[in-house]
Amino acid sequence: MYIVAIAWLYVVFMMSITEQSAVAGVATFLLYGVFPLTIVLYLMGTPQRKRNRQRIEKMKAAPKEKPAQATEDKCESNVEKTIEEVRTGDSSTMVHAHRTKPPEH
């Protein structure tokens, strides 16, 4: 998806440098490239944001069992860390999270 966006910005940049004036070039770049591209990328990212929001709600609503206090603290910190990763978009650790086994306590 991002390769298409980069290619489109390249095409629009080439269009803008061939304009007669700098003002027309900047206007072309913004009106044909940046503004429409931000709208399209925002709309295409909506399903991922919805999944992230549902994942956060699911984690918060999950019933908690009564394990040992140390284990509970560790699990809560992992959930909070995962929620923060979802909010910030840092999914580098979440990609492999479903493949690894939970720690044995």
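**Reading a helical chain**

Q: Is Leu9 buried, partly exposed or exposed, and what is the relative accessible area of Leu9?

A: This is a predicted model, and the values are computed from it. Buried means under 20% relative accessible area and exposed means over 50%. Leu9 is partly exposed, because its relative accessible area is 28%. Leu9 is found in helix α1.

Q: Which residues is Leu9 in contact with, leaving aside its neighbours within four places in sequence?

A: A contact requires heavy atoms within 4.5 Å. With those neighbours left aside, Leu9 touches Phe29, Gly33, Val34 and Leu37. For Gly33, the C-alpha atom lies 5.8 Å from that of Leu9, although the two are 24 residues apart along the chain.

Q: Which helices and strands does the chain have, and in what order do the elements run?

A: There are 3 helices and 0 strands. The order from the N terminus is α-α-α.

Q: How much of the chain is buried?

A: Buried residues account for 14% of the 105 residues. The accessible surface of the chain is about 8,600 Å², and carbon and sulfur atoms contribute 64% of that surface.

Q: Which residues of α2 are buried?

A: They are Gly25, Thr28, Gly33, Leu37, Gly45, Asn52 and Ile56. Two of these, Gly33 and Leu37, are also among the contacts of Leu9.

Q: Is Thr28 buried or exposed, and which residues is Thr28 in contact with?

A: Thr28 in helix α2 counts as buried because its relative accessible area is 8%. Beyond four places in sequence, Thr28 is in contact with Val12, Met15, Ser16, Glu19 and Gly33.

Q: What span should α2 have, and how far apart are its end C-alpha atoms?

A: The expected span is 1.5 Å times one less than the number of residues. The 40 residues of α2 should therefore span 58 Å, and the end C-alpha atoms are 55 Å apart, which agrees.

Q: Where does the kink in α2 lie?

A: The kink is at Thr46, shortly before the proline Pro47, and amounts to about 40°.

Q: Which residues form the nonpolar patch on the surface?

A: Patch residues have over 30% relative accessible area. Here the patch consists of Trp8, Tyr10, Val11, Phe13, Met14, Met15, Ile17, Val26, Leu30, Leu31, Tyr32 and Phe35, which together have about 1,100 Å² of accessible area. The elements giving two or more residues to it are α1 (2–17) and α2 (22–61). The largest share, 7 residues, is from α1.

Q: How exposed is Trp8?

A: Trp8, a residue of helix α1, is partly exposed, with a relative accessible area of 38%.

Q: What share of the contacts with a separation of 6 or more joins residues 24 or more positions apart?

A: That share is 47% in this chain.

Note on methods. Residues are numbered from 1 along each chain as its sequence is written. This is a predicted model: local features need pLDDT of at least 70, side-chain atom pairs count only at pLDDT 80 or more; totals for chains, interfaces and linings use all residues. Side-chain values use heavy atoms; hydrogens and water are left out. Patches are made of residues with over 30% relative accessible area and no salt bridge: like charges are joined within 9 Å, nonpolar side chains (Val, Leu, Ile, Met, Phe, Trp, Tyr) within 5 Å. Accessible areas come from the Shrake-Rupley method with a 1.4 Å probe; for residues, only the protein chains shown count as cover. A salt bridge is a side-chain nitrogen of Lys or Arg within 4 Å of a carboxyl oxygen of Asp or Glu. Helices (H or I, at least four residues) and strands (E, at least two) are DSSP runs, numbered from the N terminus. Buried means under 20% relative accessible area, exposed over 50%, partly exposed in between (1.4 Å probe, protein chains only). The bend at a residue is the angle between axes fitted to the seven residues ending there and the seven starting there.
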